[in-house]
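Trainee: I would like to learn how to read a protein structure step by step. Could you take me through one, please?

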Amino acid sequence: MGSRQKKELKLLTGRVLLTSVKESFIKLTPANQIKNPVIFIVLIGAVVTTAVFFNNLFSAHFSGFILQITLWLWFTVLFANFSEAIAEGRGKAQAESLRKSKINTRAIRLNAGKEEEVWATELKKGDLVVCSAGSIIPSDGEVVEGISSVDESAITGESAPVIRESGGDRSAVTGGTKVISDRIVIRITAEQGKTFLDHMISLVEGASRQKTPNEIALTILLSGLTIIFLMAVVTLPAFFSYSLNSSELPKNMNLTLPVLISLLVCLIPTTIGGLLSAIGISGMDRLLQKNVIATSGRAVEAAGDVDVLLLDKTGTITLGNRMATDFIPANGVTIEEFADAAQLSSLTDETPEGRSIVVFAKEKFNLRGRNLNTADTVLIKFSAKTRISGIDIRLQDGKIKSFRKGAPDAIKKFIEDNNGFFPQNVKDTVTRLAMQGATPLVVTDNIKVLGVINLKDIVKGGIKSRFEQLRTMGIRTIMITGDNPLTAAAIAAEAGVDDFMAEAEPEDKLSRIRSEQLKGHLVGMIGDGTNDAPALAQADIGIAMNTGTQAAREAGNMVDLDSNPTKLIEVVETGKQLLMTRGALTTFSIANDVAKYFAIIPALALPLYASSGVPGPLSALNIMHLASPESAILSAVIFNALIIIALIPLALKGIRYKPLPASRVLVGNILIYGAGGLVAPFIGIKLIDILLNSLHLI
Amino acid sequence: MNVYDFVQLTLFLLVLIILTPLLGRYMARVFLDENHVLKSVVNPVEKAIYRLISCKGEEMDWKKYTYSLLVFNFMGFLFLFFLQLCQSYLPLNPQKLPAPSWSLAFNTSISFVTNTNWQSYSGETTLSYLVQMAGLTVQNFLSAATGISVLLAVIRGLVRKTANNIGNFWIDATRSILYVLLPLSMLLAIILTGQGVVQTFHPFAKATTLMGSGQVIPLGPVSSQIAIKQLGTNGGGFFNANSAHPFENPTPFSNFLEMLAILLIPSALTFTYGRLIGSNRQGWTIFLVMFTLLIIGLAVSYYSEYKFSTIAGININMEGKETRFGLGNSVLWSVATTSASNGSVNAMMDSLTPLAGMVAMFNIMLGEVIFGGVGSGIYGMIMFIILTVFIAGLMVGRSPEFLGKKIEAFEVKMAILAILAPNLVILIFSAVSCLTTPGLSGLNNPGPHGLSEIIYCFSSAAGNNGSAFAGLNSNAPFYNILTGFGMLIGRFGVIIPVLAMAGNMAGKKITPFSGGTFRTDTWLFGLLLMAVIIIVGGLTFFPALSLGPVMEHLLLIK
């Protein structure tokens, strides 16, 4: 990850900047600009002032003022284009590096059992191909035979290889990745041109970017504002002509086209209009930097709206596996004796839980693994029927020690079936541990109950505060687990989730999502297995882990390349940040207009109702004390153009996001972007005015 | 501002605040069809009306609702138009008044159908008793009922979950009239008659003055019309002088009641709204936003009027004000009547100081949402709420929603249309008037004041207010037709998008409230809503206002 980010940074400062400048000019075609109504108006304005300038020039009248206005109007359009280009540029650079992994390779296809070499492009959905160590996987597929480690760094940027095996939830492989060990047989699951890699390239390039619902709504709002300001400016000459007829002085006045266009361009929301698409593109880009690929901008936006998160307990909330944390011997059994039995009975247990018991005994009681003579031992493997595992050891004296370990109810049945006795104090311990959300396992020697092993789910560090943040953001978390309700409740309490589903089957997830959605909630979930696919498809935001099955990856609307379940939270934050950036810049853009009015209107109306020698009364509105009407108008236009450039980094990075309740987020943003937007242009325009006059540009 | 002004203002606002929940709760019961005082008495009449118009009470989708409303209003227009043109052939015309010109009849009909009551004519010398009673007064009721109906439809759109229909227009209109407008008007008419407002079919009285000359004193069925003109935010006076006329507004008490009546129903409807959407807080939030804007307007107006008196070196600026009521009452009335889209006056707006005149004008330009018209004030406000929620919602990082309903492109589009329509009328029609001879020939005053008169005229029309800066002679085909269309666009250019939005909203799911939801019933939201209203209005009209009233003010203080 680290190296990957560094690489991007370099790309941004280098070539991307240059191509973006080029792109800004290429984007000047009307067909392209009309997609953005606000900037399109500026373009028309720029064309008209250019025409006016040259028209004047032909009649041998050079106006430096009109020339400067014209140039800055063109800059306004170019700056807007540049912001879009630079946002796209980052994606394009990324796409290029992806495309390199898409070199056409040879593949070995299994045809009726026989291997034949073909071009990867000839492969069809359903074909079986063989990949062995060193070869590039030709297309997306599913491992149907074998296990191997695969280098997926081309896609994920992560250099540590991952395991891919047939069956189970880690069977999906991606075209363009490299097999580094063993041999696997893959069934191709994607048509050529529609592979994950193709999809990813088109996504990061922004080729398939469509406007999101919020973006459309915002564009309508901005167009509405543009119409209002267009009318305010278009009707101005009429009011001026009336005022002119009524005032004694002057008898004519230059309310020229370039001046009116300048006023219009300053008033219409060019700041947000110019940056809107850059914000949208960079939203997806930021997700990409977090190694999450969204199938659409719509998905990123929806992520910000999610108010219910379904989280699998294992891997997301807990470290993944239960671990032995305590040995509690029965009455009359020493702890050493019990630890020894517990370790012995777990030696055959290959599950993480079993291994954790062996490790715990080793660390706590210094019991090393011992040599067990295979002739003297009989391993009792865990079976689903008895739900008990263990070991029989023939001792030197010929006696057989028979250790068993299992869930309390299974052991109880086993003991009672053999006319044994399940002591009350053990029963109490079991109940107590279960109440605490732990998993008790009981160990026996023949039919004597030795004690209870306490297996606990270890809740991930910091997860509780994360959920607290989510709660303040208004997001409810639901933990999903196959555990019994008691265990589930205890872990839920420890982790601080709002709700949990115990003993959940895969179908339960789907029905829970449906019922939450019916109540009007937007649900996000993260999943990997094939049985997660329906739920992923049903959820409003379904994030599939890259390690997951092909079915899961296709069902979700995002793929997390790091396969990190807590990523969901970051995705939600990115979605929110995206919307907030749009809202904040819109507010800023509109708030700016107040200052621009105060700059331009007094400048225009200065001569109205003036008596000789004394400027008109509206000069009282020139509260910024701008030097002259021309410099006032030009300063406003320049400020208007420069603010776009100044805000590009903000548009690309997104505004600062903190998990706080909605009202506090709002107050903060209104103070910064509303009040700031009100004040900033007063200062900016005044400074530009001083600069223009000191450089004698006007 | 003197002590009496202050005491009276406080009393006025206090009574308004007290009556808001009382009347509001009653109206909520009426529209929820629950039991209330009048139900048993009036219910048979209601049923009889439904039978008469064969209304089975079936629910309508927004298109059908809008269609019914438009047909209803169009019929009202036709009836009023031809009633005026035929008045010389019809009874109850003791002064033998001839038919008005077609352009005036057109203007007056639209004016009363759209709840504007812009009057290009003098009531007492133009229209017969019959037209005033059966035409104008009836439309006063119907246009107010139309406003309430639209509000009810919008509320249903907000409250209903994945539904198609937004109520039945005929039922909404009938209930508004039978249970709210009629009883209140009757009550007020009786009190006003007791105060000395005339109510008679007798011809104008002839009197001989102390000087020995003859005088004609106009009479007519006045109180019945005055009550509803105030209550229904109509504002069209029986007499040309409107509520400055002693037969329309004889005593300080009648003045107080009439002022109260201007704001009463729009204010109470905020409470009704809260009740109907299931959150009193939401209603009170809207009330407080309107109330605060009203106070701001009052403060500027009072300041300007008293300040001007000091500048001009006179004791109190009484030009154009009714001596019976004094300056304080005139200012209060001017702000109330322009905040609510009433338009009745008890002083001449034209004679207000430039800034007080600007307050009146700006109140209308803001879209008549400071209490506003009956019903229309709140549904106009809801459009501003949609905009505010949209921008604020984005800023908290969630798809914007209002009362659990997602605000999407369609809602934004409709809100923009509804806010844009009247604003464009004001700007474009004023500009056209400034550039054309017929537009300029109506002016009596030169300079920035003349510009204010033109802009006020179209603001009043587009905002369906009806008051005028009197200096403009608007009874000419040019103004009659232009303001006529202005009123139409200002009314139905808002109603249609509002209903379309209501229909679309009704079909949406309701997202439950969570900590990430942006609340719309807090002071924060109120402030933000206020800011959006002022900024949209301010940015749209900054140039126009600075060349009109601001310029006049600056010239005056120079």
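Mentor: We shall go from the overall outline to a helix, then to charged pairs, and end with a surface patch. Please keep in mind throughout that this is a predicted model.

Trainee: How many helices and strands does chain A have, and what does its radius of gyration tell me when it is set beside that of a compact globule?

Mentor: Chain A has 24 helices and 22 strands. A compact globule of 698 residues would have a radius of gyration near 26 Å, whereas the value for chain A is 35 Å.

Trainee: What share of the residues in chain A is buried?

Mentor: A residue is called buried when its relative accessible area is under 20%, and by that cut-off 54% of the 698 residues in chain A are buried. To see this in one element, look at helix α18(A), where T487(A), A488(A), A490(A), I491(A), A492(A) and A495(A) are buried. After α18(A) comes G496(A), which has a positive phi near 80°.

Trainee: Why is α14(B) said to be largely enclosed by the rest of the structure?

Mentor: The reason lies in a count, because 20 of the 27 residues of α14(B) are buried.

Trainee: Now to the charged side chains: how many salt bridges are there over all chains?

Mentor: Side chains of opposite charge can pair when their charged atoms come close. The count over all chains comes to 32 salt bridges. One of them joins E115(A) to R183(A), with the closest N and O atoms 3.3 Å apart. This pair links distant parts of the chain, since E115(A) lies in strand β2 and R183(A) in strand β9 of chain A, 68 residues apart. R183(A) counts as partly exposed, at 39% relative accessibility.

Trainee: Which residue forms a salt bridge with D498(A)?

Mentor: The partner of D498(A) is R471(A), and their closest N and O atoms are 2.7 Å apart. D498(A) sits in the loop between α18 and β19 of chain A, while R471(A) belongs to helix α17, 27 residues away. D498(A) is partly exposed at 34% relative accessibility, and R471(A) is partly exposed at 34% as well.

Trainee: In the salt bridge between E408(B) and K508(B), is K508(B) buried or exposed?

Mentor: K508(B) is buried, with a relative accessible area of 11%, whereas E408(B) counts as partly exposed at 37%. Their side chains meet at 2.6 Å, N to O.

Trainee: Finally, which residues make the nonpolar surface patch of about 440 Å²?

Mentor: That patch is made by L678(A), V679(A), I683(A), L687(A) and I690(A). Take I683(A) as an example: this residue is found in helix α24 of chain A, residues 662-694, and is partly exposed, with a relative accessible area of 49%.

Notes. Residues are numbered from 1 along each chain as its sequence is written. Chains are lettered from A and ligands numbered from 1 in the order in which they are written. This is a predicted model: local features need pLDDT of at least 70, side-chain atom pairs count only at pLDDT 80 or more; totals for chains, interfaces and linings use all residues. Side-chain values use heavy atoms; hydrogens and water are left out. Buried means under 20% relative accessible area, exposed over 50%, partly exposed in between (1.4 Å probe, protein chains only). Helices (H or I, at least four residues) and strands (E, at least two) are DSSP runs, numbered from the N terminus. A salt bridge is a side-chain nitrogen of Lys or Arg within 4 Å of a carboxyl oxygen of Asp or Glu. Patches are made of residues with over 30% relative accessible area and no salt bridge: like charges are joined within 9 Å, nonpolar side chains (Val, Leu, Ile, Met, Phe, Trp, Tyr) within 5 Å. Accessible areas come from the Shrake-Rupley method with a 1.4 Å probe; for residues, only the protein chains shown count as cover. The radius of gyration is taken over C-alpha atoms; the globule rule is 2.2 Å times the number of residues to the power 0.38.
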